[in-house]
Amino acid sequence: MSKLVIVESPSKAKTIQKYLGKGYEVVASMGHVRDLPKARLCVDVKDNFKPKYSVIKGKEKLVKELKEAAAKADGVLLATDPDREGEAISWHLAYLLGLDESAPDRVTFNEITRTGVEEGMAHPRTIDLDLVNAQQARRILDRLVGYTLSPFLAKTIRRGLSAGRVQSVAVRMIVDREEEIRAFVPQEYWTIDAKLTAPPSKAVFAASFYGDESGEIKIGSREEADRILGELQQAEFVVGPVKKGKKNRSPAPPFITSTLQQEASRKLGFQARRTMKAAQELYEGVEVEGLGSIGLITYMRTDSLRISEDAIRDAGEYIEGRWGKKYLPAKPRHFKSRAGAQDGHEAIRPSTISLTPDQVKGSLTSDQYKLYKLIWERFIACQMAGCVLSTTQATIQAGKYLFKASGFHVAFDGFTALYEESKDEEEKAGKDLPPLEEGMKLKVKELGDNQHFTQPPARYTEASLIKTLEENGIGRPSTYAATISTITTREYVVREGKSFKPTELGEVITKLMKERFPKIVNVKFTAQVENELDAVQRGDEDWVDTLRKFYDDFDKTVQKAKKEMDGVKIRLKEDETDVICEKCGRHMVVKVGRYGKFLACPGYPECKNVKKIVNDTGAQCPKCGGKIIERRSKKGRVFYGCSEYPKCDFVSWDPPSKEKCPVCGKTLMQKKTKDKRLYCVTPGCTFEGKLPEGGNE
């Protein structure tokens, strides 16, 4: 007989099995096993919001196998992730397996290492029902909002739309920012810059116009800039007061979930979902040559900046061994978590400090390596000495006007020898100034003015959106990836480069939500709900009371909106296409049905013409000369085929290019590789490679 240990994933099971050895069987539940079914609301509002859970479709066989394994085992331990979702999974498993909720059969691991697993196994506990109730309350709250508002949006705007507590606020923020940008009126202003030298030095440095003795002068027009420039032409530039100093820069704290997502977006170009996938793999365990399966980072869903004393000590020893004692701070660094942060887990850090990114690179995928390197360097840097900058600020007299010049050089690199945090708006790198002394006469190399206009606020990037959501208490770090995925998949917002821009659909929905359901898209109200869910987790609030307080007002608002909007249909401009209905001549519109989007005549019911939406690539089929169009497989994967199917059976997973084969003149396909090499699929033609510059010209 052996004890059964249940975790979520096979990789986590494999790693933990290695540490537990004989006497234990570690199996995976493959995530949640019981949930609210998708087809119906499954929440009895009248009976204290009683949820009607059932085994998730497709997991019946797995649950049966888990029951059989539990019946044979000499005890069951639930070792799912140490957060709300993990606690809820353990609670559902306990119910399905008939376990005693009051028994100490719950174990958690902050890190999947031998030490972490042994520590967790040594301290079993009962299931934390406060955590479970917080998860239930969130799940039910989101179900009530989603399953109530989505049909309303579908009826009022179009089929297939959804609304959610957090996603609706995120879309509103993006829409509000777009409205700010549209309403922004740029203001003209001018700057005057001088390029100077301080003989005998030939080094050129820059100084910017400031004003005069009475203070700063704002230059608002070309005429004003030209007048000042004219006065400066004959002016002598003389160094005024010079201020020298030291500036200390401290390292950024270790990662929490939100800052990891932000930094991975800025530095690596990762979307939040991609970041969390790689982080989950690093936490659960990867096969490292010479070590076997090992978890490389601590638990990646956390908003605490706490670090274990052992990890601080190990980091200090590594820093001293690699860079020397001067790279250690006067005392180890501890960081304070933001108000309201959950302190259940440490900050995200490497599990084994001595395992450098280079040592494990050969055992990791590209994403795993990049993310591990980011986490490892950020953590080591947070325990290093600060960076010291020597700064110089000089005032320069030019006739009656003043210029300012500043510069710095690195006196001691400290933590920047390893890592520097990225910013949404990168600071301009400064240069050191040549030796300047008060009274020194300067030589003007160049003097010029530049016209500028004030800029509107920038659109949200993924990093800045996550940062703003966190600052406002909207959602939780573990929800950001799913929220962003939902609003882009639903086409409420689109990506333009790295920025988010709302679609007409997103703007129409937001306008409707602001008019009819102002609380749902209110930032402060949504943050208040999050705080109440946290209170449930702490055991300070009853989860049913929390739901009741929200739902009573919400239901009244919904009933009022349904009554007032009955029969109202909002039509979108973007739904109209340039495809002409061949039966009646109208412009066909995009509709959404059970199987996705299609084209339909707006003259329904007089004209019932419908068509499939065809994405024409503009390329000719190399087999018959027809059009190559974009298609999707049953699993949603994009491929390319001939529009003349089934007469022509040409298909390709690779996209067509706009180039023609230099040998046979047919369309060339493009490989999905970094070099995007072209190749010909015409039978008997073997061309493959890059075309010379100018293509087929």
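Student: Which elements do the buried residues of α9 pack against?

Tutor: Buried means under 20% relative accessible area, exposed over 50% and partly exposed in between, with a 1.4 Å probe and protein chains only. In α9 the buried residues are A272, T275, M276, A278, A279, Q280, L282, Y283 and E284. Contact means heavy atoms within 4.5 Å, and the packing partners of these buried residues are α1 (10-20), α8 (257-268), α12 (366-382), α13 (462-471) and α14 (480-489).

Student: How many aromatic pairs does the count give?

Tutor: A pair of aromatic rings is described by the distance of the centres and the angle of the planes. Rings of Phe, Tyr and Trp (its six-membered ring) pair if their centres lie within 6.5 Å; planes under 30 degrees apart count as stacked, over 60 as edge-to-face and the rest as tilted. By this rule the number of aromatic pairs is 15.

Student: Why is the pair of F49 and Y551 given its geometric class, and which class is it?

Tutor: The ring centres of F49 and Y551 are 5.7 Å apart. F49 lies in the loop between β4 (43-44) and β5 (50-51) and Y551 in helix α17 (residues 543-564), so that the pair links distant parts of the chain, 502 residues apart. Both partners are buried, F49 with a relative accessible area of 0% and Y551 with 14%. Because the planes of the two rings stand at 80 degrees, the class is edge-to-face.

Student: Which class describes the rings of Y327 and F412?

Tutor: Both residues count as buried, Y327 at 10% relative accessibility and F412 at 19%. The ring centres are 4.8 Å apart and the planes stand at 45 degrees, so the pair is tilted.

Student: Which residue has its charged end over the ring of Y679?

Tutor: A charge sits over a ring if NZ of Lys or CZ of Arg is within 6 Å of the ring centre and within 35 degrees of the ring normal. K267 lies over the face of Y419, at 4.7 Å from the ring centre. Over Y679, at 5.8 Å from the centre of the ring, sits the charged end of K671.

Student: How many disulfides does a search of the whole structure find?

Tutor: A disulfide is a pair of cysteine sulfur atoms within 2.5 Å. For C387, which is buried with a relative accessible area of 1%, the closest cysteine sulfur, in C382, is 16 Å away and therefore too far for a bond. C685 is in no disulfide, the nearest cysteine sulfur, that of C661, being 3.6 Å away. For the whole structure the search gives zero.

Student: Is V579 buried, partly exposed or exposed?

Tutor: V579 lies in strand β19 (residues 576-580). Leaving aside neighbours within four places in sequence, V579 is in contact with R586, H587, M588, L599 and K611. With a relative accessible area of 26%, V579 is partly exposed.

Student: Which element of the protein has the lowest mean pLDDT?

Tutor: pLDDT is the predictor's confidence in each residue, from 0 to 100. The mean for the protein is 91, and 96% of its residues reach 70 or more. Where pLDDT is low, the predicted coordinates should not be read in detail. Among the elements, α12 has the highest mean (97), and the lowest (79) belongs to strand β20 (residues 587-593).

Terms used: Residues are numbered from 1 along each chain as its sequence is written. This is a predicted model: local features need pLDDT of at least 70, side-chain atom pairs count only at pLDDT 80 or more; totals for chains, interfaces and linings use all residues. Side-chain values use heavy atoms; hydrogens and water are left out. Helices (H or I, at least four residues) and strands (E, at least two) are DSSP runs, numbered from the N terminus.
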